[in-house]
Each structure stands twice: as structure tokens, then as C-alpha cells.
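Let's take a walk through this protein model together. Have a look at the structure first, and then we'll go through some of its parts.

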Amino acid sequence: MRSSPHSPRAAAWIVTASSAAWIAAAAIAGAGAPPLQAQHLARFEPVPARANDFPLTLESIMRGPEHIGQAPAGVNWSDDGEWIYFRWLPGGGEWHDTPSLHRVRATGGTPERIDDETELELGPVLAFGDVSPDGRWRATSFDGDIYLIERATAAARRLTHTEAGETGPVFSGDGVSIFFHRGNNLFAFDIDDGEIRQLTSIGGPEPAEEPEAEGHGAFLEEQQRELFEHIRVREIREERAEARRELRESGRRETLHLAQGENAQGFVADPTGSRVAVTVSRGGFDGDGRRTDIPLWVTESGYTENTEMRAKVGDEQSVSRLAVVSTATGEVDWLDLTADGSDAGAGSEADSEDDASEDADDDRLAVASFAGWDETGAHGLVFAVDYDYKTWRLYAYEAATGELRLLDTLYDEAWVGGPCFGFQGAGCMGWLPSEEAGAMPRAWYVSEATGYAHLYAIDADGGNREALTAGDWELLGATIPDGWDAFLLQTSELSPFDQHPWRMDFDGSDRVQLLDGEGSFAVTPSPDGRRFAVVHSRSNRPAELYVADVGPGADMTQVTTTPTEAWLGFPWLRPEIIHFEARDGVDVPARIYRPSDFGVEANGAGVVFVHGAGYLHNVHNWWSNYYREYMFHHFLAAQGYTVLDIDYRGSAGYGRDWRTAIYRHMGGWDLSDQVDGAEYLVREEGVEAGRLGIYGGSYGGFITLMALFTEPAAFAAGGALRSVTDWAHYNHWYTSRILNLPHEDEEAYRQSSPIYFAEGLEGHLLMAHGMYDTNVHFSDVVRLAQRLIELGKENWEMAVYPVENHGFAEPSSWADEYRRIYDLFERVIGGRRAASADGAGG
């Protein structure tokens, strides 16, 4: 809600800041604007009165990284809990600067920059790694070698020094060995004697045996034996050599031969090292398939260079299968993860090759992941997602028998997903610590069974299943930090617009909120569990690093200040979150930016912004990834435009039904929400019908195209940036979940792809695209351009950016793109349109 000025000083400050914004904006617009009105708004961040030094111009806005820097990331505590290390880039530098390593005391203070030479020396100590059962050691991988860190002294012992990359070190259950990956196999390093043992033997396809001769060939071979002693002696020698080889290899473990194109991508050893779960994947791409060449136009050599990128939806999909290997014998159990549990279990290696066949679609898995062993290694937790992404299953694997027990499954007629769900592996799941020896192991996991992501627990035998959280809110993350006897949760329990950390006992009791306030709070506990390093942001302030005690209502001490003083001095808005009613009666959330927020008179025009990614949350009380657009909306509002930023159907943050509302029809409910939002602006905010524009990038660009092609009465102008124009040309994992496969569900692709509706263009369209876009390929917009040419459409234009990828990098490109968007709005719906109507402009 808006409020009156709290003091004349505050009001005067707002006038100064708004005047600076208006003067800069008017200089770009090239047109007059109404006088400013001094207001103080509760949604402005209160700061001391001062002259504002930040010019609200397009050029300044699009130099965003130079103003706001890069927020603290990669937060990591030293093992003694005395220091917090993080990568950080304060504002004030060049746009192409990169973050550097910093550290700060656990109690707060001024961050210290670590020079590059010291950072290299500290690399093994600062690398994330597994902690030994007794807490004394930590195993890390740095620069392809394994290190053992004594946590009390930070002394590092180098365990391997090879050219081969060694990664993923994990302690054995007794802490005497470290398991690690090298190449396509798992190894164990014995800490006391330094011996390295190979635990698995995994190779490529087994050489095919030569077929026995038949017919005339068999006659000739027999004739040779009969006639020549030389042939008979050589065969005797070969038989003796083969017998000696078999005797020599009789004690070795068997080799696991993978199929052509397969790779072992995941190894999880049980606590004893006697069994290893191996995830095997292949890309599904064969020599008969095709990939897209992406030209790089501006090169050092002066020659155009091609980069081979992904195939298109329907051409390929990575598939996985899972084996448990005995490290003593090499015996392999391939797990049947397509069954309901009644007949799930181990299969033969021959059976597994049939399951992996391209012709056996029903038996292929998009994801087969081993989520971990319990403390004793008696049970493993296995997660599988079907090839069509419509079903996931969670199993307990019993090591002694090789049997699988289905613990839970979820089918979604659209696709399974949501927060805490990993499409390339297990999301939030694991084993709870055992309360007593011999007790039945208990697993925890996240499911959207109620329509919202929540935490569940179940015994390894399938009994005693219970929901640990419940409600019309989402569990966003769940971990069990080292040394904790409780969950650390991240949830939207208080509001879909805020994210807070909570502590909760393993049985779901005693759930306690740990930090208060608006925004998002990402916490990293100290090694002793008493302190948090907190990365916290609000809607008008980028994320900063804080420190706080672990406990309800704890105060936070700010450590970093990332943006420049000039940027912080500007009255950045905390956008008001409103709801409007969609045509089906659903309340749709949105951020709104009003001209009155800046003391200017509305010009009667409105702009709707469409965030990208589809499944992304942008209406909230924390800092948006779309920070340039956030500042651009200030600029537009200061020019008299009313701006609406909508979390349309398909966005993250609102549960399963909201997430899957776009199934089989992108450009359905997600588009109608934009149209209904535009009608809200006309009905409630004084925007004139016929004076509405829309813009967005990636998925937002796709919606912009659909809006101009299929809802011409709603929007007069649109800026479609890096847009998908035909979903049959996008990638597989994203598109096939929502629209199925193009050759199996052509209707879904036809009703969802703008290229089929291009004849409906009546308004004015700007298309902007990077020519080196490796995500939404430049060919997408080229195909649409040809379609518009053939249709004889005139009111469209295209801007191309030769060096830019999907996410633009260079400020000059950003500024050019948004200058064109603003110019489009001014010409069609804004200030210059009004001037032209009065005979005062062109």
C-alpha cells in the first residue's frame, strides 16, 4: 500500500532522485513529460537523503554488472569454523570482470580478498569434500587429484598425483579407505598403507567371437588340418595358450562390458566397499542422427567456425540403466527399474542388453539413479523416471538378496517434476540416521502426491509411510547437514513470495523457522552447526552475505555490500504484488510498476513483461535474475508506462496444477494469463485499450509471438527476444515432457508453435536474437522471418547480434536491444504515438 511522506526530508530526497530519473529518461525519449509530483512510497528502500548519482538511462541500466557486481557465491566454511570463504565481485569494475575468492571471519567484519597464488595453494583445503566418520578428516578432489585434509590444522596430504582425472572421493564406512573415480572405474585408497585398489572393471563392448565356418568354408578348414601338420601344431599351441590365459584370469573379477555408446557416469560404493552401484548412460545419438551446427561469425581467424550442438526433440534422449557390481568377483546385477515391485529385481546381463535396445521404448528410463546406501550397506535407495517422464518410482534395494522393493511411485498425466526433483538424477532423498543398531532403515524423499512438493519417510520394507510436511506450500530444499540430528529445510510455508530456512526433527515434529524477514535466505551451516553463513536478498536489493546464529529469530550481521554507492542511492522500488482474476476464476500473481511510483503522470500505455524459462518464479520478494528488466521497468514507469510482470500458468512456486497447466498447449493458459493481465490494466489501472505492449525473452519471447499472432486485439506491439518459434526444433528433455513427441502428438506442437500462426500478425513486432545462440538456435527466428516474408507481412523487424549467445553478455548488445524495444513502444503505444496523433511528431 502507498503511504504519505514520513518527513519533508524524505519527500525532498524522492523529488531529487525522481527528477534525475526523469531528466535522463526524457533525454532518451526526445519528448516532453508531465511535471513531477513529490511522493514518498513505502515500497522505496529508505536510505539517508542525498543527491542521486545513478542515471536511469538505458545505457546505464544495461551496464548492470558494473553497478551491482556479482553476489557472493560458493559459500564454504573453513573446517575449524573460523572463516567463511566465498567468491565475490563488488560493483564498480568492468562488465567482463570475474569474481575472486574472499574470506571473512565467522563473527563478521570486512571481507579479505585472496590473491590468485594463495587461492591456488588453498585449493585442496577449500574444495568441497566428504567428512570421515570420526570427523577428523575431509577428502577432496582438486585439479584432478585426491587430497586428505586434517580438519583441525588444515594440513593437506596429496594422495594421488597422476595425469588421469580423479574425482568424487568418499570415505568408507570405517573411515580407513577413500573411494574415488578414475576414468571409467572406481578405486579405493587405503589411508594407512597408501595402497590403491581397483574396485570395478568396466570396459567397452566385448569383442565379438568369430563365427564358426560353414559350408564351403568349413570344408576348406578341415582340408587344411588333414593335409598340413603345420596347421595342426598351430591349433594345439593356440589351445594351450588359451588354457593358460583362462587359468591366469580365473581369480580376477569379471569385466562389465558396456554397450556401444554407453558410459559409466556414477559410482556409489557401499560402506564396506564390497558392492558398487554403477549408473550407465548413453545419449541416444547414433551415426544416423543429425545435430545442429551453430556458426560463430566473429572469430580471431576471420573464418566462420561451426559448433556442433544438440539434436532436435524426438531425435534423441539420454537413457540410463543401473547395475550393482560385486567388487570381489565383478558379478553384475542389472536392476529392473520398470517394474511395480512385485517382480522387480536383478536381471542377467543378456536381459539388460535387450532392455537397452532402441526398440524397447517401454523398458527405457530417462533417469536411473542410485541415491545412496544406508549406514550398514544392507539397503540402497534407487530412483527411476520413465522414458516419457510421466512416472517416477522409488525402490529399496536389498543387498543380501538383490531384491528391489517398491517404496513409492507417482504418475502424472502431464509430467512428474516440481521443486526438489532432479531430472538427471535423484533430487531430495536419502536415508535417515539409524536410531539404534539393527533397526529397520528409514528413507526420506520428496513427492508432489498432494499437488505440492512435500517430505515423506518410509521404512526400507515399505512400511510406516508418513508425510512429514503438508499444506498448500512447497518444500524447496531438504538436507541433513553434517552433525545435525534434524532436517534443514527451505520452504515457502509463510508465503509463495518468500523463502525461509527451517529446522525439523526426523519425525516431522518441532518444525521451527530459523530466520525472519522478507525475501530469500540461503543458509550454509558452520561445521559445529552453531552459525549460519546466509546469502539473503530482497526484491530491491541484490543478494549479500550475512552471518547469524542458528536459532529462531536470530539477528543477521551483513558482511558484504556489492552494488556501487551510486546504485544504492537510487530509490529502487519494492514492487507491489497484486492479484488479478483470470477468465477461469483463478487469482494470478503479478508485480506492478506504476508511473505514480515515480511522481509522474501515466501516459495511458501499458506493458506486460513475460519472464523466461516457463517454469521459473519471478513474482516474489527477493532479487530477480531479471535485474536488467527490473531496472528497465523503473525506466518505463518513469516515462508514464504502467508495467505488469506476471507469474503465469507454468511458473514455479505454486504447486503441481500451476506447473502442468501448459501440458500439450504452450500458448494456452500461459498466454491467456497475459491477456487477462492486460485487461486488468485497462479495467483497474487506467491503461487505454489498444495501447498495450508485451515483451520477453526465450519462453517470454515465445509468448510474445503467440500474443501478437493469436491475440491481436490485446497487444499492439511486442518485443520477442531469443524466442522459440517452433517447438519441434527445440531440445528433447524440456519439450518432450510438456508436448510429448512431435511425431506422436502433432496437434500439441501445432497449437503451441508460433510459426503456424504467423498470418495473424496485425500489431508491430520486433524480433531480436543472438546469432550464436546455442540454446534457442538462430535458425528458429530465421525460419519465422521467411514465413513472414512469404505471408507479405510488413510491420515487423529483426535485430541480430553476431557475437551473442542465448544470454547476452556485452552491454552494447543489451543497450541496443532495449533501445529498440523502447523505441517500438514509443512509436506504437507511447509518447511518440500520442505526439503523432496531435500532429506534433512523426
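## Before we start

This is a predicted model, so to speak of local features a pLDDT of at least 70 is needed, side-chain atom pairs count only at pLDDT 80 or more, and totals for chains, interfaces and linings use all residues. Residues are numbered from 1 along each chain as its sequence is written, and side-chain values use heavy atoms, with hydrogens and water left out.

## The nonpolar cores

The largest nonpolar core has 80 residues. Here a core is a set of buried Ala, Val, Leu, Ile, Met, Phe, Trp, Tyr and Cys residues joined through side-chain atoms within 4.5 Å; buried means under 20% relative accessible area, exposed over 50%, and partly exposed in between, with a 1.4 Å probe and protein chains only. Among the residues with the most contacts inside this core are Trp392, Tyr699, Trp727 and Leu765. Helix H12 (residues 699-710) gives the most to it, with 8 residues. Helices (H or I, at least four residues) and strands (E, at least two) are DSSP runs, numbered from the N terminus. Apart from this core lies another, of 46 residues, including Phe609, Trp623, Ala768 and Phe825.

Who does Leu765 touch? Setting aside neighbours within four places in sequence, its contacts (heavy atoms within 4.5 Å) include Leu705, Leu708, Phe709, Leu788 and Trp796.

## Pocket and cavities

The largest pocket has a volume of about 1,400 Å³. Of the 35 residues lining this pocket, Asp130, Val131, Val170, Trp373 and Asp482 are the closest to its centre. Strands S5 (129-131) and S22 (365-373) are among the elements that give two or more residues to the lining. By class, that lining has 20 nonpolar, 10 polar and 5 charged residues. Ala, Val, Leu, Ile, Met, Phe, Trp, Tyr, Cys and Pro count as nonpolar, Asp, Glu, Lys and Arg as charged, and the others, Gly among them, as polar.

On a 1 Å grid over the protein atoms alone, a cavity is a set of points where a 1.4 Å probe fits but cannot get out, while a pocket is an open set with protein on both sides within 12 Å along at least five of seven lines; lining residues have an atom within 4 Å of a point. The largest cavity is lined by 15 residues, and Trp392 is one of those nearest its centre. Strand S27 (residues 442-447) gives the most to that lining, with 3 residues.

Helix H16 (residues 811-828) has 18 residues and reaches 26 Å from first C-alpha to last, close to the 26 Å expected at 1.5 Å a residue. In H16, 13 of the 18 residues are buried.

Over in helix H9 (residues 627-638) sits His633, which is buried at 1% relative accessible area. Beyond its neighbours within four places in sequence, His633 is in contact with Tyr593, Phe609, Val643 and Tyr695.

Most residues other than glycine have a negative phi. Asp143, in the loop between strands S6 (137-142) and S7 (145-150), has a positive one, near 55°. Ser698 also has a positive phi, about 65°, and is found in the loop between strand S42 (692-697) and H12.

Ser698, in turn, is buried at 15%.

Technical notes:
Expected span 1.5 Å × (residues − 1). Points joined across faces, edges and corners; volume = space filled by probe spheres on them.
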